[in-house]
Amino acid sequence: KAPASFYTSTPPGQIVNRFSNELSTIDSSLPEQLGWVLTCFSSMAFSAVAIVCALSFPTLLPLALTGLAYYKMTTFFRPPARVLKVAESKSRSPVAQLVSEARLGATAVSRSGTGPAWLAHFQ
C-alpha cells in the first residue's frame with residue numbers, strides 16, 4: 001500500500017507506464033505458459049486414450065465418433081467465432097466508438113432541426 005504522498009508527488013503518466021509495463025510482461029508470458037498447460041493436458045489425454053484402446057478395443061469406435069463430432073462442431077463454429085471476435089475488437093476501439101457516437105449525434109441534430117444553431121455555437 002502506497003502512502004498518499006506517492007500519488008501527489010508521482011505524475012499519473014509514470015504510474016500508468018509502470019502498470020502497462022507489467023501488463024505487457026504478463027501478456028507476453030501468458031500465451032507461452034498456457035501452451036505448456038495445453039501440451040501437458042493433451043499428452044495426458046492421448047495417453048489415457050491409448051491405454052483404454054489397448055485394454056479394450058471396442059471403446060475405440062465411440063472415441064472415434066466423439067472425436068469426429070468434435071471436429072465437425074469446431075469447423076462449423078470457428079468461422080462465426082472469428083467474425084464475432086473481430087467485430088468485438090472493432091467495437092471496443094476508441095476511434096470506432098467516437099465515430100459511431102458522432103454519427104448518432106449528427107443524426108439526432110439533423111432530425112431535431114437544430115443544425116444551424118449548433119454550427120453558430122461552435123463558430
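**Figure 1. A nonpolar surface patch formed by Leu-61, Leu-65, Leu-68 and Tyr-71.** In this predicted model, these residues make a patch of about 450 Å². Patches consist of residues with over 30% relative accessible area and no salt bridge, with like charges joined within 9 Å and nonpolar side chains (Val, Leu, Ile, Met, Phe, Trp, Tyr) within 5 Å. A salt bridge is a side-chain nitrogen of Lys or Arg within 4 Å of a carboxyl oxygen of Asp or Glu. Accessible areas come from the Shrake-Rupley method with a 1.4 Å probe, and for residues only the protein chains shown count as cover. Leu-61 belongs to helix 3 (residues 60–92) and is exposed, its relative accessible area being 57%.

**Figure 2. The protein as a whole, with 5 helices and 0 strands.** Along the sequence, the pattern reads α-α-α-α-α. Helices (H or I, at least four residues) and strands (E, at least two) are DSSP runs numbered from the N terminus. Of the 123 residues in the protein, 3% are buried; buried means under 20% relative accessible area, exposed over 50%, and partly exposed in between (1.4 Å probe, protein chains only). The protein exposes about 11000 Å², of which carbon and sulfur atoms supply 72%.

**Figure 3. The aromatic pair of Phe-76 and Phe-77.** The count of aromatic pairs comes to 1. Rings of Phe, Tyr and Trp (its six-membered ring) pair if their centres lie within 6.5 Å; planes under 30 degrees apart count as stacked, over 60 as edge-to-face and the rest as tilted. Phe-76 is exposed, with a relative accessible area of 57%.

Figure 4. Thr-74 lies in helix 3 and counts as buried, at 17% relative accessibility.

**Figure 5. Val-109 and its contacts with Thr-114, Gly-115 and Trp-118.** Val-109 sits in helix 4 (residues 94–112) and is partly exposed at 25% relative accessibility. Its contacts (heavy atoms within 4.5 Å) are given leaving aside neighbours within four places in sequence.

Residues are numbered from 1 along each chain as its sequence is written, and side-chain values use heavy atoms, with hydrogens and water left out. Local features need pLDDT of at least 70 and side-chain atom pairs count only at pLDDT 80 or more, whereas totals for chains, interfaces and linings use all residues.
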